[in-house]
Amino acid sequence: MDKINKALLEKVRIKVNEALDPIGKELDLKISLGNMTYSDYNATGKIKIEVVQNGQAMTVEYVDLLNFADLHKIDLDTIYKLNGNPVIITGYSWKSSKYPVIVTDLNTEKQFKVTRSWLMKVAGISE
């Protein structure tokens with residue numbers, strides 16, 4: 001190997017995440033290798049560690065969602081429709097004023113941001 005490149009780092013990320021997965025499961029954590037920077041002969045990266053409760057990583061967005069759902073009595077297990085596609089609510093960002101609600105499409109597993117008024121409307125809650 002002459003130099004470090006993006007393709008090599010992608011392979012490294014996969015191998016490192018595979019090695020970290022059993023450790024995370026043992027400790028009830030989600031551990032993963034995040035962003036990496038590199039030059040020709042060295043690289044550095046971030047390791048992200050998240051607490052897992054009931055199979056869900058306790059990200060900032062998820063904790064915010066739990067607080068928001070509790071405040072407005074929203075059932076997080078309900079499946080809603082967004083443009084005809086089934087979605088579930090998976091996050092909430094207090095920092096975003098336009099699109100704070102994060103939903104995940106159950107068919108494609110893609111995440112989308114939607115307005116708070118959309119959530120209140122589909123959940124049948126008056127603002």
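**Aromatic pair, sheet and overall shape**

Visitor: To how many aromatic pairs does the count come?

Guide: Rings of Phe, Tyr and Trp (its six-membered ring) pair if their centres lie within 6.5 Å; planes under 30 degrees apart count as stacked, over 60 as edge-to-face and the rest as tilted. By this rule the count is one aromatic pair.

Visitor: What kind of model is this?

Guide: Residues are numbered from 1 along each chain as its sequence is written, and side-chain values use heavy atoms, with hydrogens and water left out. Local features need pLDDT of at least 70, side-chain atom pairs count only at pLDDT 80 or more, and totals for chains, interfaces and linings use all residues; this is a predicted model.

Visitor: Which parts of the chain does the aromatic pair link?

Guide: Tyr 80 and Trp 118 form the pair, with 6.3 Å from centre to centre and 75 degrees between the planes, an edge-to-face arrangement. The two residues are 38 apart in the chain. Helices (H or I, at least four residues) and strands (E, at least two) are DSSP runs numbered from the N terminus, and the distant parts linked are strand S4 and helix H3 (residues 116–122).

Visitor: Are Tyr 80 and Trp 118 buried or exposed?

Guide: Buried means under 20% relative accessible area, exposed over 50%, and partly exposed in between (1.4 Å probe, protein chains only). Of the 127 residues of the protein chain, 28% count as buried. Both Tyr 80 and Trp 118 are buried.

Visitor: Which strands stand at the edges of the open sheet?

Guide: The sheet has four strands in the order S4-S5-S6-S7, with antiparallel pairing; two strands pair if DSSP finds at least two bridges between them. Two of the strands have a single partner each, so one side of each is left without a neighbour in the sheet. These edge strands are S4 (80–82) and S7 (111–114).

Visitor: What radius of gyration does the protein chain have?

Guide: The radius is taken over C-alpha atoms, and the globule rule is 2.2 Å times the number of residues to the power 0.38. The C-alpha atoms fill a box of roughly 60 × 30 × 30 Å along the principal axes. A compact globule of 127 residues would have a radius near 14 Å, but the protein chain has 19 Å.
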